[in-house]
Amino acid sequence: MQAWIPITILAAFSQNLRFMLQKRLKDTRLSATGATFARFVYSAPLVALLMAAYFVLSGHEVPRPEARFFLFASVGGIAQILATICVVALFAERNFAVGITFKKTEVVLTALTGLLVLGEGVKLAGALAIVIGFLGLILLSDPPEGGQGWRRFFNKAAALGLGAGLLFSFSAIGYRGASLSLDVDDVISRAGFTLAVVTAFQSLVMATWMALREKGEIRRVFAAWRVGVLVGLSSMIGSFCWFTAFTLQNAALVKALGQIELLFSYAATIFVFREKVSGREYGGTALILVSVLMLVLFLK
C-alpha cells in the first residue's frame with residue numbers, strides 16, 4: 001500500500017474529531033468565527049515547537065521559501081479559514097454527518113482546480129471514483145423537510161456546503177503548490193514547514209479580524225481553552241497528515257480518499273450527537289464509500 005493512503009486516512013479521522021470539537025464550541029460557547037479561530041491559534045504554537053525540534057534533532061536545513069511559496073500558502077490559508085467557517089455554520093442547518101458530507105464537493109472541485117492551476121489530471125479510475133462520490137452528494141442535497149422546485153437542492157445548507165467545497169479545493173491546491181515550491185527533498189521538512197508558516201499566518205489574520213469585528217470573541221476563545229487545546233492538537237495531527245499526503249500524491253486523489261471521513265462522521269452523528277439519519281442520506285453515503293474503495297483497489 002502506498003504511504004499516502006494510511007496517512008490520508010489518519011488525516012480524515014483527525015479532521016473529523018476536530019470538527020466534532022468545533023461543533024461543541026459552536027453549540028455551547030463561540031461563534032462560527034471563534035470556533036474556527038480556536039483551530040488555528042491552539043495548533044500554531046504546537047506545530048512551531050514540533051518543527052523546531054525536528055530540524056534540530058534531524059539536522060535537516062530549514063527551507064528557504066521564495067515568493068511562489070508565500071503566494072500559494074497565503075491563498076490556501078485564507079481559503080481554509082473561510083471554508084472552515086462555512087462548515088461550522090453548516091452544522092446549524094443540517095446534522096453533523098450531512099454537514100461533513102456536503103463539504104465533500106471539494107473532491108470534484110479539487111480535481112478541476114488542480115487541472116487548471118497545477119496542470120494535474122487524474123487517471124480514468126480516479127475520475128470514475130470521483131464521479132460516483134459526487135453522485136452520492138446529490139442524494140444528500142434534498143433537505144429532510146423537502147421544498148419546492150429549485151429550493152430543494154439550492155438552499156442555505158447547499159450554498160454553505162458548495163462554498164466550503166470550493167474553498168477547500170483552493171486550500172488543497174494552495175498547500176500542494178506551496179509544499180512543492182520548496183527546494184528540499186525531505187517530505188517532513190516540506191510538509192511541516194508549510195504547515196507552520198500557514199497556521200501562524202492564519203492565526204494572525206483571524207486575530208486581527210476578530211479584534212476589529214468581533215469584540216470579546218478572542219477572550220471567549222481562550223476561556224474555552226480545555227476544548228480549544230484538543231481542537232488544536234487534533235488540527236495539528238490532521239493538518240500535518242494532509243500536508244504530507246499532498247506532498248506525496250495528487251491533491252484530487254488525496255481528497256477523494258479522504259471521503260472515508262464520512263464513516264467517522266456518521267458514527268459521531270449517531271453515537272455522539274444522537275442525530276437522526278434518513279435512508280436517502282445513507283444511500284448517498286454508500287455511493288461515496290464505493291468511490292473510496294475504488295481508489296484503494298485501483299490506485300495501489
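1. Basis. The model is predicted; local features need pLDDT of at least 70, side-chain atom pairs count only at pLDDT 80 or more, and totals for chains, interfaces and linings use all residues. Residues are numbered from 1 along each chain as its sequence is written, and side-chain values use heavy atoms, with hydrogens and water left out.

2. Fold. The protein chain has 13 helices and zero strands. Helices (H or I, at least four residues) and strands (E, at least two) are DSSP runs, numbered from the N terminus. Along the sequence the pattern reads α-α-α-α-α-α-α-α-α-α-α-α-α. Of the 300 residues, 54% count as buried. Buried means under 20% relative accessible area, exposed over 50%, and partly exposed in between (1.4 Å probe, protein chains only).

3. H3 against H7. Helix H3 (residues 67–90) packs on helix H7 (residues 156–181) at about 155 degrees, with the axes 7 Å apart. Axes are lines fitted to C-alpha atoms, for helices over the stretch in contact, and angles run from 0 to 180 degrees between N-to-C directions. H3 and H7 are therefore roughly antiparallel. Angles under 35 degrees count as roughly parallel, over 145 as roughly antiparallel, 65 to 115 as roughly perpendicular and the rest as oblique. The H3–H7 crossing is left-handed. A crossing is left-handed if the near helix is turned anticlockwise from the far one by less than a right angle, and right-handed if clockwise. The residues of the contact of H3 with H7 divide into 19 nonpolar, nine polar and one charged. Here Ala, Val, Leu, Ile, Met, Phe, Trp, Tyr, Cys and Pro count as nonpolar, Asp, Glu, Lys and Arg as charged, and the others, Gly among them, as polar.

4. Two further pairs. The axes of H2 and H3 come within 9 Å and cross at roughly 130 degrees. That makes H2 oblique to H3. Their crossing is right-handed. H7 and H10 pack at about 70 degrees, with axes 9 Å apart. H7 and H10 are therefore roughly perpendicular. H7 passes H10 in a right-handed crossing.

5. Core. The largest nonpolar core has 33 residues. Such a core is a set of buried Ala, Val, Leu, Ile, Met, Phe, Trp, Tyr and Cys residues joined through side-chain atoms within 4.5 Å. Those with the most contacts inside the core are Trp4, Val47, Phe69, Trp242, Phe243, Phe246 and Val254. Two or more residues come from each of helix H1 (4–28), helix H2 (32–58), H3, H7, helix H8 (187–213), helix H10 (225–248) and helix H11 (251–257). H10 gives the most, with six residues.

6. Cysteines. A search of the whole structure finds zero disulfides. A disulfide is a pair of cysteine sulfur atoms within 2.5 Å. Cysteine 86 is buried, at 17% relative accessible area. Cysteine 241 is also buried, at 7%.

7. Arginine 274. Its phi is near 55 degrees, a positive value in a residue other than glycine. Most residues other than glycine have a negative phi. Arginine 274 lies in the loop between helix H12 (261–271) and helix H13 (279–298). At 66% relative accessibility, arginine 274 is exposed.

8. Valine 290. This residue is in helix H13. Valine 290 is partly exposed, with a relative accessible area of 37%. Valine 290 and alanine 129 are 161 residues apart in sequence and 7.6 Å apart in space, C-alpha to C-alpha.
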